[in-house]
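User: Could you take a close look at one part of this model for me, the place where the two chains meet? I'd like one connected walk through it.

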Amino acid sequence: MLVLALDTSTAACSVALVGVDAAVSGPGSRPVITALAGRVTVDARRHGEVLAPSIAAVLAEAGARPADLGAVVVGTGPGPFTSLRVGMVTGAAIGAARGIPVHGVCSLDALAGDAAALLEAERPGSRDAGRSALAVATDARRREVYWAAYRPATGGSDEPERIIGPAVDRPPDAAARMREAQVGSLFGPGATLYAEAFAGFRPPPRPVFPSPAALVRIVAAALFDGGAPAPLVPLYLRRPDAALPSAPKAVTA
Amino acid sequence: MSPVVLGIETSCDETGVGIVRDGVLLADAIASSVDQHARYGGVVPEVAARAHLEAMVPTLDRALADARLRPADVDAVAVTAGPGLAGALLVGVAAAKAYALALGVPLYGVHHLEAHVAVDTLEHGPLPRPAMALLVSGGHSSLLAVPDLAREPVVSLGATVDDAAGEAFDKVARLLGLPFPGGPPIDRLAREGAATIPFPRGKAGDGTYDFSFSGLKTAVARWVEARRAAGEPVPVADVAASFQEAVADVLTAKAVTACRERGIDTLVVGGGVAANSRLRALAAARCEAAGITLRVPRPGLCTDNGAMVAALGGLRVAAGAPASELDLAASSSLPLSA
């Protein structure tokens with residue numbers, strides 16, 4: 001199955017075309033995921049202009065047409081509202097136009113999935129029981145971070161399991177809750193941006209942005225189960241800024 | 001078969017999807033977030049943008065169902081690229097690009113005000129060239145010379161220098177304790193009153209085609225406060241009628257003058273304020289006296305909608321106008337010449 005994946009929940013506008021083959025080798029085997037083409041553009045203010053040409057570019061690079069797509073996977077944040085909506089409405093509209101399912105995945109889960117894979121590569125065995133929890137944090141602006149904490153992947157799954165969040169907090173408050181949850185490794189741009197608050201975690205420089213491939217990995221099994229995906233819900237985590245009006249001010253003194 | 005053009009509008013608080021084929025309106029689906037804004041006394045941009053994301057695909061699907069078409073029947077996608085609320089516009093522009101890209105059809109980014117003029121062709125047929133347009137809404141008050149919608153940019157002759165006319169209606173409504181949006185309740189109340197209070201006509205007879213409604217709003221506030229300070233009852237129906245008269249008077253006077261001075265014999269009135277009964281009546285009377293043909297779309301097509309975007313897209317497609325690129329930007333202050 002040809003899958004279009006995209007994430008616009010951070011400064012990166014990330015698009016990938018991915019081939020997903022259903023598990024065929026018996027019980028317990030997992031779908032095989034092949035990256036075909038990708039584009040990452042880091043410009044927090046231009047998601048709206050960059051995204052559609054990036055999608056056209058990955059399709060062209062892979063020699064595919066929109067009609068070849070079998071599913072769309074989009075990151076649902078949390079992230080800055082305006083860019084988050086660009087990605088989500090794009091995924092939703094492509095799904096509507098082609099009559100294909102659109103799966104939403106918490107963008108922090110993708111970041112955690114890539115972080116766990118990195119840990120596993122550096123320190124084989126990190127998936128074994130007994131390893132500490134990990135957390136990810138991205139920039140929520142207004143001196144806050146979006147963050148979540150995860151239990152390492154266990155035998156049944158390749159992906160870490162979210163145990164806290166997604167949440168939005170001031171960095172010191174997030175750090176305190178991470179310590180309570182005995183988080184051992186912290187990843188993501190929020191961690192490096194507020195290095196002082198997260199000093200105890202010594203976050204590594206990568207991965208920085210949620211990767212579309214990780215989004216697909218997380219829902220790979222669901223792509224083949226034939227059920228309708230859950231409705232797309234953006235993870236805003238904050239209410240809109242809006243003040244109720246006061247009584248009209250007098251214009252005469 | 002003539003091309004099917006789908007139009008998307010999200011510049012303010014209405015998520016609109018219209019479908020037009022050969023100048024005929026096949027569907028006009030709308031989802032409005034106005035109720036969510038009412039308690040704030042005005043449109044809250046982030047609330048509007050969130051509502052657009054939620055409503056976008058359901059409204060697209062509803063428009064297609066109403067027209068008894070499938071996505072694959074769509075031959076072109078048009079979208080309001082601006083002006084409007086930046087975050088709101090971006091949802092529609094991104095959706096339009098994705099829809100066009102997924103279907104392999106051309107994309108047309110259009111100007112919101114030009115679309116307001118174009119919608120009249122769905123009801124009254126092709127516009128004479130040139131025509132004059134008066135567009136009045138909560139966000140705009142503009143007088144436009146319209147040479148040829150499909151091929152030439154509309155020229156702004158004048159616009160409000162401060163509040164839009166619809167904004168003045170909202171502010172005066174709030175002053176009188178009426179709900180948001182203020183246009184409909186003021187119109188209703190004004191029918192029970194008389195336009196006896198001489199509120200000022202901003203910039204009337206100043207030789208420009210510009211408008212000003214901020215001073216009018218303040219004059220109404222002063223008048224009402226003086227009554228209250230004196231312990232006298234406020235004749236709200238008369239205030240509503242007098243305020244509405246001042247707005248309709250200056251708008252129609254300048255529009256008719258512009259037609260006469262430019263030798264243009266057709267006036268199109270559009271935008272949400274064009275639903276106002278006094279503006280419609282006064283425009284009709286003054287145009288008739290001046291020998292000008294007045295064209296006003298039905299109220300449902302005067303407010304923001306997707307049909308107007310599809311209408312303009314249809315004219316562009318028919319004229320063989322160049323399509324937009326996929327990197328089309330949403331622009332909150334899109335100029336008319338774009």
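Predicted model: local features only at pLDDT ≥ 70, side-chain atom pairs only at ≥ 80, totals over all residues.

Analyst: Happy to. The peptide bond leading from A:Gly77 into A:Pro78 is cis, with omega near 10°.

Chain A brings 37 residues to the contact and chain B brings 33 residues. Together the two chains bury about 3,000 Å², and 72% of that is on carbon and sulfur atoms. Three residues, A:Arg85, A:Val89 and A:Val251, account for 19% of the area that chain A buries against chain B, more than any other three residues.

As for polar contacts, four residue pairs are found across the interface, with both residues at pLDDT 80 or more.

Which helices of chain A are involved? Helix H1 (47–61) and helix H2 (81–98) each supply at least two residues of the side of chain A that touches chain B. The largest share of that side comes from H2(A), with 13 residues. Sorted by class, the side of chain A that touches chain B holds 25 nonpolar, five polar and seven charged residues.

H2(A) also turns up in the second largest pocket, where it gives the most to the lining, with five residues. Both chains take part there: H1 and H2 of chain A, along with helix H2 (45–66) and helix H3 (86–103) of chain B, each supply at least two residues of the lining. About 720 Å³ of space lies in this pocket. Its lining has 31 residues, and those nearest the centre are A:Pro80, A:Phe81, A:Thr82, A:Ser83 and A:Arg141. By class, the lining consists of 14 nonpolar, seven polar and 10 charged residues.

Two backbone details are worth checking on your screen as well. In chain A, a cis peptide bond also joins A:Gly165 and A:Pro166, with omega about 5°, and A:Pro166 lies in strand E8 (residues 161–169). In chain B, B:Asp22 is not a glycine, yet its phi is positive, about 55°. B:Asp22 is found in the loop between strand E2 (14–21) and strand E3 (24–32) of chain B.

Methods. Residues numbered from 1 in each chain as written. Chains lettered and ligands numbered in written order. Heavy atoms only, no water. Contact = heavy atoms within 4.5 Å. Buried area = accessible area lost by both parts, 1.4 Å probe. Polar contact = N/O pair within 3.5 Å; in protein donor to acceptor, adjacent residues only side chain to side chain. Helix = DSSP H or I, 4+ residues; strand = E, 2+ residues; numbered from the N terminus. Nonpolar A, V, L, I, M, F, W, Y, C, P; charged D, E, K, R; others polar. 1 Å grid on protein atoms, 1.4 Å probe; cavity = no way out; pocket = protein on both sides within 12 Å on 5 of 7 lines; lining within 4 Å. Points joined across faces, edges and corners; volume = space filled by probe spheres on them.
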